[in-house]
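Please read the points alongside the coordinates.

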Amino acid sequence: MFKVKKLLLLVLIVIIAFSCFSPFEAVSAFWSEAYDLISDPVGTISAAIMSVIIDIVAGICEFILGLASQILTWSITAGGIDQTGRESPAVTEGWNLTRGIANSALIIGLVIIAINIILGKEEEQAKKTLINFVIVALLINFTPLICGFLIEGANIIARGFVGEGITNEMSNQFLDGLTSAKNNTNLLETLILILFLLVFSIISFVIHLLYSLLFLARTVILWILIIVSPIALATKVFPKSNAVKKFFPSILYWDDWYEMFLQWVIIVVPAAIFIHLSNVMIRASIVTEPIEESDNLVDYLMNIGFSFLLPLIFLYVGFMVTISSGGKIAAPIGGLGKKAWAATAGAAGGYVIGKASAGVSKVAKGAKATGTWAKEGAIGMAAAPFVGQKPWSKEGRDSGRAGVDKVKASVSGLAEKGKDYLRIGEKNTWAKRSAETEKQLKEGMDDYFDGTPEENVAKFKMAQQQIEKARRSGSLSKKELSKQAENLFVAAANNGDIEDDAILEFLENSKTKGIEVDYGKMLRGTSATEIMKKYKPKALERGFIAKELVETPQGEFIRQDRRSTQAHSVALIKGIENSKSTEAQSKAALDIGSTLSPGDYKNNYEQIVIAKLDQLREKEQREGLTDKEKEQAANMAEFLRK
Amino acid sequence: MKKINDNIISFLGEIILKNKLEKDVVDSSFDYSEKTTLLEKTLSMIFNDVVIKRMENGERIAQFHPFVKLRNIVDRLINNLITYEDVSPLLKEEFGFSEEKAKEIALLIKENKDIKELIEKEDIEIAQPNIEKKVNPKSIGYQLLK
């Protein structure tokens with residue numbers, strides 16, 4: 001009891017002392033809070049806890065946003081892209097080494113040129129190469145200077161966009177948002193807002209980090225390219241051949257080096273443009289006004305979510321565009337970006353919208369919802385003017401979307417059919433089908449078209465898409481792409497389900513994309529027996545193929561020779577008929593079923609030569625021969641002797 | 001080896017049509033109208049479904065097609081493997097013509113301007129071309145060796 005009295009006395013003294021020495025506002029606030037605590041203990045304690053949480057979140061947000069923008073600002077200024085490698089000992093030492101190797105390669109090149117000139121073999125070419133040799137020998141000593149000049153040029157352009165570094169406007173706006181969250185009395189709304197801001201801070205951090213990684217990778221790759229530049233330049237002296245490419249693979253070969261160097265030099269420019277645009281958007285569009293009584297929570301979150309997401313989407317799209325111009329080496333960074341986006345922005349957007357609207361609990365589903373929401377909105381907005389509605393109003397967007405749905409309904413049947421034909425379902429996924437197609441395109445497509453007619457047509461389209469995918473990704477060389485297209489052509493030609501028009505369309509499309517399938521050349525460069533092995537009679541029945549075999553030894557062999565199969569022979573004649581070409585048919589009519597053709601040709605030819613020689617002998621006895629006739633007779637006699 | 005030309009194809013087609021030799025190699029869809037050229041008619045009597053069907057059944061075109069039989073005779077003639085005198089007996093043997101008919105057609109062949117020209121024309125394939133010299137006379141090595 002005595003102890004309790006002592007304690008109460010102590011508290012009283014502290015309170016009196018606090019009242020005497022503190023300013024009036026503080027005392028007033030204290031008494032007000034003390035009153036609140038006594039009158040509403042639960043509300044006051046929860047508000048205090050919330051305040052602590054908000055302070056922690058604010059600290060985290062401020063830290064990660066500050067860190068990300070610091071790293072990115074550093075990577076796009078002196079520490080990062082400005083490092084052209086001239087001061088780096090690794091670059092200097094490495095370059096000296098490769099210059100020595102390049103000079104040795106040039107000496108070998110000089111010897112080859114000399115031999116060619118002496119022997120008179122491709123002399124003109126050798127002389128041209130000699131000029132190249134002199135230019136290259138000179139330029140090799142200045143590669144760091146030339147490379148540095150180009151890198152500096154691109155950096156100057158980039159700095160024009162991001163010279164001021166990364167704006168901290170997003171960080172400021174986030175902190176404002178958190179302050180407004182502090183003033184909010186609704187616990188659920190405050191929690192959602194905090195979560196929202198935290199997630200967007202993380203997304204922003206990841207995207208900025210990816211850009212930093214890209215710029216740092218650029219610096220290192222450009223250093224490596226500068227180091228190997230003498231060797232790459234030296235390969236300019238050598239003729240373009242696979243053998244030279246084997247000796248100087250990848251970036252050691254001029255064409256590859258040059259392509260990669262330019263890509264990595266320029267990569268900084270689109271990146272800077274997108275960062276700049278994102279900065280502008282952050283300043284212009286981010287909204288974090290506190291929620292008002294009249295506001296609906298979902299609308300409010302959508303509004304601020306969109307204003308935050310837009311600059312980030314811009315940055316992400318810019319990143320992917322930049323990466324796509326970086327070629328094969330940049331692809332892994334792009335892959336990293338995609339993964340990061342899926343793990344942060346997509347998931348976050350989905351989570352928030354899921355919570356706010358349908359209570360969708362799974363993050364993945366939410367991510368999909370975000371995408372769908374954005375896509376549907378964009379489609380509706382784009383289509384609205386066509387149905388006479390305003391694109392910016394919700395009604396307008398809905399009407400536009402409805403119009404698109406009508407059109408989509410009429411074509412979706414076809415798409416579904418394609419899916420059905422490929423038996424895409426639980427067991428057969430697109431990925432599995434794609435992998436199978438890719439494998440067969442590489443290894444030959446003998447058994448590729450093994451389904452129903454509809455399935456085969458769908459598979460033909462899928463294989464074309466696969467080639468297009470490889471072309472776009474740059475994962476295959478033109479030669480490899482052509483090889484795959486040739487494999488597909490042969491397989492499709494052999495299959496009766498694929499129409500001539502579809503094959504010709506595929507060839508035409510490939511040609512416009514730089515993938516050449518010269519089937520005429522292919523056929524003329526293959527022996528008749530090989531053609532019969534590779535092409536089924538069905539292929540020879542196609543008019544456009546048969547036409548190519550008219551007036552060729554292979555075509556003659558297939559039609560006339562006893563060693564040709566009856567099926568191929570008939571198919572080729574059918575193909576000539578199908579070609580509907582009077583010219584092709586006329587040419588084929590000249591020797592169809594000829595007894596003077598391949599099988600009997602040699603004997604008949606000998607008979608002709610003997611007859612001609614006899615005529616010349618008679619003429620010699622009668623009136624003598626001209627010099628030309630004498631030479632002809634000697635040639636014929638030699639032919640018969642052999 | 002010399003080969004016939006489009007004019008001779010039409011000429012042989014005309015002989016076939018005049019003597020109604022095409023009956024076994026065409027069907028009712030064959031176009032006899034005046035609008036179609038002789039060359040087109042001849043080609044469509046070679047490249048059609050009836051002929052292809054017969055070939056699919058194992059018949060050799062050289063043994064059943066009147067155009068191919070005629071052309072093979074002309075081929076031998078223009079390549080000096082036979083003479084004009086051989087044409088009539090060969091026509092009799094291949095088509096079962098009467099003596100008179102065979103002589104009539106042989107005469108038509110003999111009088112054909114294009115066939116005559118081809119018989120007289122020299123076969124360019126018989127004159128063997130010289131092997132191309134691969135040494136470039138302008139090369140430094142060549143000049144030094146000279």
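1. Helices (H or I, at least four residues) and strands (E, at least two) are DSSP runs, numbered from the N terminus. On that basis chain B has nine helices and zero strands, in the order α-α-α-α-α-α-α-α-α from the N terminus.

2. The model is predicted: local features need pLDDT of at least 70, side-chain atom pairs count only at pLDDT 80 or more, and totals for chains, interfaces and linings use all residues. Residues are numbered from 1 along each chain as its sequence is written, while chains are lettered from A and ligands numbered from 1 in the order in which they are written.

3. Of the 146 residues in chain B, 29% are buried (20 or more other C-beta atoms within 10 Å of the residue's own; exposed, 12 or fewer; partly exposed, in between; C-beta atoms placed from the backbone). Among contacts in chain B (C-beta atoms, placed from the backbone, within 7 Å) with a separation of 6 or more, 61% join residues 24 or more positions apart.

4. In helix α2 (residues 38–46) of chain B, the buried residues are B:Lys41, B:Thr42, B:Leu43, B:Ser44, B:Met45 and B:Ile46. The buried residues of α2(B) pack against α1 (6–18), α3 (49–56) and α5 (66–78) of chain B, and also against α26 (582–589) of chain A.

Technical notes
Contact = placed C-beta atoms within 7 Å.
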